[in-house]
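I am keeping a notebook on one protein chain, and these are the entries for today. I wrote down each thing I looked up and what I found.

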Amino acid sequence: MFNAGDIVKVLIPNVANAGYDYRLTAPADLGTFVRVNVMRRPYIGVVYGIGDSGLAPEKIRDTTDVFPWHLSVSDLQWIQKMSDWTLMTPGAVLRLIVNVPDAFSPPRTEQLYGYDFESNVRMTDARQSVADAFASNDNEPMSASDIQNIAHVSAAVVKTMINRGVLIPRDTRTRDANDFDYKYQDMGTVQLNTEQSAAAAEIAAAIDNGGYSAFVLDGITGSGKTQVYFDAAWRAYSHGKSVLLMMPEIALTAQFISRYEHRFGAPPVVWHSNLTAARRRAIWRGVLTGKIRMVVGTRSALFLPWQDLGLIVVDEEHDTSYKQEDMGNYHARDMAVLRAKISGFPIVLTSATPSAETLQNVADGKYRCLKLTARFGGATVPTIETIDMRANRPLPYNLPSDDDAAAPQNGYLSPNLCNAIQETLNAGRQTMLFINRRGFAPIVQCKKCGWVAQCPDCSVGMTYHKHMGKLLCHMCGRMAPMPTKCPNCGDNVSCRGAGLEKIQEEVSIKFPSARTALVSSDTIISRQALERIVHKMENGETDIVIGTQILAKGHHFPNLTLVGVVDADMGLFGTDFRAAEHTFQQLFQVAGRAGRGDAPGRVLLQTYQPENPVLTAICNGDRDAFMASDMAARRAAKMPPYGQLIAVIIESQRETVLKKFCADLSAAAPTAAGVKIMGPIAAQIYQVRNWYRMRFLVAGDARAMLQPLVRHWIDKVRTPSNVRVKLDVNPQNFM
């Protein structure tokens, strides 16, 4: 306990600090939230230790406010350990926690608007996004800025809808945390099977006994992992502990929310980046004060100001969405394990395809594996087959046209897959076609002179999105008109390759009576939009759904019996050493959508190399043998989890400055036993948003202490103001 007048170190949520000295104006403990001024700018910080700046007492400023809330000592230890591991500053880690500074101030008064769902206004895509934003937030009144941020529309769209009376001014108070003060109970609506009960019992014993333990809930798709961790969540919650259920993405289906409410008697409190400012404030304060003790959220939910956290569940722990690559580089799964270990409570990692790192921790005895080998409710595992595209060439098709000489379009669906789709339609069942490529065509090119539509700000080609009629850069979001003629030679341009819009076009021609739906980040910009598609699938209003990786996780469609992967080879030969693992995980998860009801499922993988070990392992259901082989290759190469990597990414808007700084870094590169520094080389995507990029890669064995070495190395060379240095420990992205 510190007294008023004591000088303490205050950590502020700023990347450039490790704490500043202030004089307390009221008693405080370690971790107490305080308000201070830095360069006349107010910050919410935390008491981080005893002051040690050596400044004369008269030069030390007072705290502005001392609040009655605090982080625990173990939370402060976690901040420091996370800083040491990720090479983020402690202040940068705190910024992830104190990301709702308005939570410490009275709610601001601002005009709020409601949506008139009875309006007859003509619906555009932008206006539909606004409607979805209100529907997904329970029609809660929102400010104009909230509407723009959540619906991803311009201020002009909002202003027009206000002027036309679609958005109606409402004078309402800011939502209070009490609105989220749900009282959960076990409704007794679920009967676990033998395997589920055994797994739940082991986790329950760990919760009852207290202390740190890590479990891997390793169950095939459809085995009922969710109900097992619901059981664990209730156990911890009933002991008075707080519970975090982490999801890789917040595309929570109505199915999950319904299951949650069915089990606990009230809806979940959901945390993600697409909330209104008022709701973010209410949830953050509710967690801080202990009024909210169970949250379903994305990786950022790990950084809520938890009080007495007693269980974390990381669902789909293998998912790459847990890796944060802006606002600091960290892996939320690993930082969740670190938090559980420091604070001393259990953590449960769930997946049908656990990551190599997790499997190695199981092999080392650090995690305990709990297996679920059978699908819940008696459903059977689908049969998985490859289609050799060398022997089953897709047939071309013709678009409706008055021109008899119109060129036929290249097809991408093999005769075998088309026959299977027709059989599925005839049986009154549903089909899912998976292609992990957005838009209509990834390449727009002139065949005469070779011109390619390229983003002027990024080193990537622009993708043609037919429904928008525009070219789109998937790196920076820049849009451009689709050219009718080549800007170089005036000849016609052509589209090459296929995205999901192209597949929908082919499906609509070859199966004209089938009702189709597209699912990608371009068409699903809100939870409400996804739920509309899910609802149509459940009601049998959709025959064929075509989508990207959004379809791969968590969806349960009992009448879906056929899954077709349009291009199973995509991703197999990336530069990333994890390419085979990630492809296996993705295809396995997609395959798991088939046959989850009473009818058996079938999965067809279109490929030009059916003998590839990844595809043969999926077809044979031999995950363990595949992962053992993949991990043996990594062990030989000393790649994670048998080695460590740190990427050092250097960026500048001036190439000469970038190359000069990289040369200076290279000259100062340290030498150490068992450590290798490679580079600098141009990044695979050299230019992003007009910033040029180069990379170093630091490699060492599993026991090497790379972080202090890299930190000392970077600190030795002065970084120019127009250069950015990003450090990524065990990177997932090598672009």
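The entries below go through sheets, helix pairs, aromatic rings and backbone details.

**Entry 1: the model**

I noted before anything else that this is a predicted model.

**Entry 2: the parallel sheet**

I began with the sheet that includes β8. In what order do its strands lie? I read the order as β10-β11-β9-β12-β15-β8-β16. That makes 7 strands in an open sheet, and the pairing is parallel. The edges are β10, residues 269-271, and β16, residues 368-372. Each of these two edge strands pairs on one side only.

Strand β8 covers residues 213-219 and strand β15 covers residues 346-351. The two run parallel, and 6 bridges join them. Within this pair, F215 stands opposite V348 of β15.

Which helix packs on this sheet? I found helix α7, residues 225-238, packed there. Helix α7 touches β8, β9, β11, β12, β15 and β16. The direction of α7 makes about 160 degrees with that of β9.

**Entry 3: the antiparallel sheet**

I moved on to an open sheet of 3 strands, in the order β20-β21-β22. Its pairing is antiparallel. The edge strands here are β20 (463-465) and β22 (479-481), and each pairs on one side only. Neighbouring strands are turned by 35 degrees against each other on average, direction ignored. I counted 3 bridges between β20 and strand β21, residues 470-472. Y464 stands opposite L471 in β21.

A reminder to myself: strands of a sheet pair through backbone hydrogen bonds, either parallel or antiparallel.

**Entry 4: helix α1 and its two partners**

I looked up α1 (residues 73-86) with α2 (residues 90-97). Their axes come within 8 Å and cross at roughly 125 degrees. That angle makes α1 oblique to α2. The crossing is right-handed. Which residues make the contact? On the α1 side they are W78, I79, Q80, M82 and S83. On the α2 side they are P90, V93, L94, L96 and I97. Sorted by class, this contact has 8 nonpolar residues, 2 polar ones and no charged ones.

I then checked α1 against helix α10, residues 332-343. Here the axes come within 9 Å and cross at roughly 140 degrees. The two helices are therefore oblique to each other. The crossing of α1 and α10 is right-handed. From α1, I listed S74, D75, Q77, W78, K81, M82, W85 and T86. They meet M335, L338, R339, I342 and S343 in α10. How do the residues of this contact divide by class? I found 6 nonpolar, 4 polar and 3 charged.

**Entry 5: helices α15 and α16**

I turned to helix α15 (residues 579-591) and helix α16 (residues 613-620). They pack at an angle of about 35 degrees, with their axes 10 Å apart. This crossing is right-handed. In α15 the residues of the contact are A580, T583, F584, L587 and F588. In α16 they are V614, L615, A617 and I618. The classes here are 8 nonpolar, 1 polar and no charged.

**Entry 6: aromatic rings**

How many aromatic pairs are there? The count came to 25 aromatic pairs. I wrote out one of them, F33 with F104. F33 lies in strand β3 and F104 in the loop between α2 and β6, so the pair ties together parts that are 71 residues apart in sequence.

**Entry 7: backbone details**

I checked the backbone last. Most residues other than glycine have a negative phi, and most peptide bonds are trans. M39 is not a glycine, yet has a positive phi of about 55 degrees. I located M39 in the loop between β3 and β4.

I also noted two peptide bonds. The bond from P640 to P641 is cis, with omega near 15 degrees. P641 sits in the loop between α17 and β28. The bond joining G679 and P680 is cis, with omega about 5 degrees. I found P680 in strand β29, residues 675-688.

Notes: Residues are numbered from 1 along each chain as its sequence is written. This is a predicted model: local features need pLDDT of at least 70, side-chain atom pairs count only at pLDDT 80 or more; totals for chains, interfaces and linings use all residues. Side-chain values use heavy atoms; hydrogens and water are left out. Two strands pair if DSSP finds at least two bridges between them. Helices (H or I, at least four residues) and strands (E, at least two) are DSSP runs, numbered from the N terminus. Contact means heavy atoms within 4.5 Å. Axes are lines fitted to C-alpha atoms, for helices over the stretch in contact, and angles run from 0 to 180 degrees between N-to-C directions. Angles under 35 degrees count as roughly parallel, over 145 as roughly antiparallel, 65 to 115 as roughly perpendicular and the rest as oblique. A crossing is left-handed if the near helix is turned anticlockwise from the far one by less than a right angle, and right-handed if clockwise. Ala, Val, Leu, Ile, Met, Phe, Trp, Tyr, Cys and Pro count as nonpolar, Asp, Glu, Lys and Arg as charged, and the others, Gly among them, as polar. Rings of Phe, Tyr and Trp (its six-membered ring) pair if their centres lie within 6.5 Å; planes under 30 degrees apart count as stacked, over 60 as edge-to-face and the rest as tilted.
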